[in-house]
Amino acid sequence: GLISHDNPPDLPRAMALVEAALDQAPGRPEFLDTRGTIHMKMGRHRKASIDLEAALPQMPDREKPDILNRLAEIYEALKMHEIADGFRDQARKLLGR
């Protein structure tokens, strides 16, 4: 992905790249997922939740548990524990646990 290669990752550069990609392909779930993850890493939890929740229904089932767990982490950071628990439960169900 755009953000995994540098250590530490260059989040502003990654954001610029994914914004350019979204300009070319608005609403593309892979790009929304990436942008949401970058927002999350930058501490922009509300923006992250918007992107990840928009990407979630369009993503392949195999990727949904990971997104659901990131959403749970975001809502924990926002002190919205019941919503976080709901996302965690959905992830567990998809993983068959």
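Figure 1. Leaving aside its neighbours within four places in sequence, H39 is in contact (heavy atoms within 4.5 Å) with M15, R44, K47, A48 and D51. The model shown is predicted: local features need pLDDT of at least 70 and side-chain atom pairs count only at pLDDT 80 or more, while totals for chains, interfaces and linings use all residues. Residues are numbered from 1 along each chain as its sequence is written, and side-chain values use heavy atoms, with hydrogens and water left out. H39 belongs to helix α2, residues 29–41; helices (H or I, at least four residues) are DSSP runs numbered from the N terminus, as are strands (E, at least two). Is H39 buried or exposed? With a relative accessible area of 7%, H39 is buried; buried means under 20% relative accessible area, exposed over 50% and partly exposed in between, with a 1.4 Å probe and protein chains only.

Figure 2. D51 is found in helix α3 and counts as buried because its relative accessibility is 5%. Not counting residues up to four places away in sequence, D51 touches L32, R35, G36 and H39. The side chains of D51 and R35 are joined by a polar contact of 2.6 Å. Such a contact is a pair of N or O atoms within 3.5 Å; within protein, one must be able to donate a hydrogen and the other to accept it, and residues adjacent in sequence count only if both atoms are side-chain atoms.

Figure 3. D66 and R70 both lie in helix α4, 4 residues apart, which is about one turn of the helix. D66 is partly exposed at a relative accessible area of 46%, whereas R70 is buried at 13%. Salt bridges that share partners also join E19, R35 and D51 into one network.

**Figure 4. The salt bridge between D61 and K64.** The closest N and O atoms of D61 and K64 are 3.4 Å apart. D61 counts as exposed, because its relative accessibility is 54%. K64, by contrast, is buried, with a relative accessible area of 16%.

Figure 5. T37 is found in helix α2 and is buried, with a relative accessible area of 12%. A polar atom of the T37 side chain lies 2.9 Å from the backbone oxygen of D33. T37 and L52 are 15 residues apart in sequence, yet their C-alpha atoms are 7.7 Å apart in space.

**Figure 6. The largest nonpolar core.** A nonpolar core is a set of buried Ala, Val, Leu, Ile, Met, Phe, Trp, Tyr and Cys residues joined through side-chain atoms within 4.5 Å. The largest one has 18 residues, and those with the most contacts inside it are I67, L71, I74, Y75 and F87. The elements that give two or more residues to this core are α2, α3 (45–55), α4 (64–77) and α5 (81–95). Which element gives the most to this core? The answer is α4, with 6 residues. L71 touches S49, L52, E53, L56 and F87, residues up to four places away in sequence not being counted. A second, separate core of 5 residues includes L11, A14, V18 and I38.

**Figure 7. The aromatic pair of Y75 and F87.** A search of the whole structure finds 1 aromatic pair. The rings of Y75 and F87 are stacked, 5.6 Å centre to centre with 20° between the planes. Y75 lies in helix α4 and F87 in helix α5, so the pair ties together parts that are 12 residues apart in sequence. Rings of Phe, Tyr and Trp (its six-membered ring) pair if their centres lie within 6.5 Å; planes under 30 degrees apart count as stacked, over 60 as edge-to-face and the rest as tilted. Y75 is buried, with a relative accessible area of 10%, and F87 counts as buried at 10% relative accessibility.

Key:
Salt bridge = Lys/Arg side-chain N within 4 Å of Asp/Glu carboxyl O.
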